[in-house]
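Let's walk through this one as a set of questions and answers, with the structure open beside us.

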Amino acid sequence: MTMGSAFVWGLAHIWVGRRLSGLLLLGIELILAAGVATAALTAGPALLALAVQPVWLWAFALATLLLATATVAVVIRSYLLVRPESLSAPARLLSAVAIGVLCVLVVAPMAYAARLAYISQTVVTSVFARSVTPIPVSDPWNGRERINILLIGADAAANRIGIRTDSMTVASVDTRTGDTVLFGLPRNLEDVPMPPGPARERFPDGFQGEPPYSPGLLNEVYQYAEDHPETVPRASKGHRGPTLLKKTVSGILGIEVTNYAMVDMWGFVEIIDAMGGVRVHIREPIVYGRQNEGLIEAGRRRLSGEEALWYGRSRTFSDDYVRMGRQKCLMNAVAKQADPVTVLRSFERLADAAVNAVSTDIPRELLPDLVELAGKVKDAEIRSLQFVPPLINTGYPDYDLIRREVTAALTRPPTRPSPSAPLVARPSGRPDKETKVTGGVAGARAGVSAVTLDAACG
């Protein structure tokens, strides 16, 4: 009867004749259960939005602990009501131990749920800062049809001073449908036009870096800003690099990049491992490791975190542009495979990895709307447009052409190439000349439309 009362409140009370108190307990439990079931069945997106708001996370943790306390009280009171008076002292001790174990078993899931809520609010408050300006509740996107977020893969090795942003992708997301285009920027773009202000005054003809010590490539802009505060006078240390890089990329693409999210490459390893690996289709064997100590065989494989890092990083027997294509395939795979079950199963490891590896200027007040938008992105089409040869010569980039291609990619309807068909690039201005593209989606966009990642990487 005591065990039954742990799951059906008031059962023991009714059995011993205390019907009023038993029915009251049963009614309270039914109301709570009905509320939870209704919320789970009808308010899924709203619940996910609440899951990224610290106040609601604290409230959930507190409510869960109160429910656990109430359940323990019901179990103990039920035991006291139904315990036979004739029990011997050893029997009383044994039954008390059994009830203690029962309380632990009942409370453990609730305590774990409260812990997850606590960890969630820690992640939200550690990674995401408060917005400096109010975000309208009625229109969090401020009238934008698309939100553009710069995704950065940072390579900060022990033998290197500063950070190199070797992976730079702008995710342009339709705020109504979730349709997403990934614009891939090569790390070795030269003569990058700088935004108006001190940076352009210093580099009127495009970014030159610090010759002869650096070649003046796009992946140096972030660290240059951090090392030269005068180029971003109103930004603080740690924010100068992202600020200048966002403005620079905005000028390159001709669209406003509103936010950034940067993942340290070795932190990325932890995230993939926490997910239990990621499944990708490898078209050709890939050498990995600094000393070429391994080989990832071709085929459909589940990669560990370190293997996934080298899948997106290796240039042995390939080049920057091929690995850019693999990086987009990796992003697509993670986006598709990060389902709620996977996230919940590895939540604590993912949370630790996120706090240690992710930095962003996305305000926490925007998170509920981003969660809702992420649900649309997961079910929408993700396309990729990469500014690589033959479309763009990275040594002598045509930035006007880049901006025209971005506009075209965002205004043309998505194309759906057959997964079995070879990807073909048609360089702009040469529609009669076809060039077969190798290495997945690397270079697989040249003047027609952004390729569909599900088709290109499947």
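Predicted model: local features only at pLDDT ≥ 70, side-chain atom pairs only at ≥ 80, totals over all residues.

Q: What is the phi of Asn142?
A: Most residues other than glycine have a negative phi. Asn142 isn't a glycine, yet its phi is positive, near 55°.

Q: Which residue forms a salt bridge with Arg176?
A: A salt bridge here means a side-chain nitrogen of Lys or Arg within 4 Å of a carboxyl oxygen of Asp or Glu, and by this rule the count comes to 12. For Arg176, the closest N and O atoms of the pair are 3.8 Å apart. Arg176 is in the loop between strand 2 and strand 3 (180-185), and 31 residues separate it from its partner in the loop between helix 6 (89-127) and strand 1. That partner is Glu145.

Q: In what order do the 7 strands of the open sheet run?
A: Two strands pair if DSSP finds at least two bridges between them. Strand 1 (residues 146-155) and strand 4 (residues 259-264) pair in the parallel sense over 6 bridges, while strand 4 and strand 9 (residues 358-360) pair in the antiparallel sense over 3 bridges. The pairing in the sheet is mixed, and the order is 9-4-1-2-3-10-13.

Q: Are helix 10 and helix 14 roughly parallel or antiparallel?
A: Axes are lines fitted to C-alpha atoms, for helices over the stretch in contact, with angles from 0 to 180 degrees between N-to-C directions. The axes of helix 10 (residues 265-274) and helix 14 (residues 347-357) come within 9 Å and cross at roughly 165°. Angles under 35 degrees count as roughly parallel, over 145 as roughly antiparallel, 65 to 115 as roughly perpendicular and the rest as oblique. Helix 10 and helix 14 are therefore roughly antiparallel.

Q: Which residues of helix 14 make the contact with helix 10?
A: Contact means heavy atoms within 4.5 Å. Helix 10 brings Gly267, Glu270, Ile271, Asp273 and Ala274. From helix 14 come Arg349, Leu350, Ala353 and Ala357.

Q: At about what angle does helix 10 run to strand 4?
A: Helix 10 lies across strand 1, strand 2 (164-174), strand 4 and strand 9. Its angle to strand 4 is about 80°.

Q: Where is the cis peptide bond to Pro212, and what is its omega?
A: Most peptide bonds are trans. Pro212 lies in the loop between helix 7 (198-202) and helix 8 (221-227). The bond from Pro211 to Pro212 is cis, with omega near 5°.

Notes: Residues numbered from 1 in each chain as written. Heavy atoms only, no water. Helix = DSSP H or I, 4+ residues; strand = E, 2+ residues; numbered from the N terminus.
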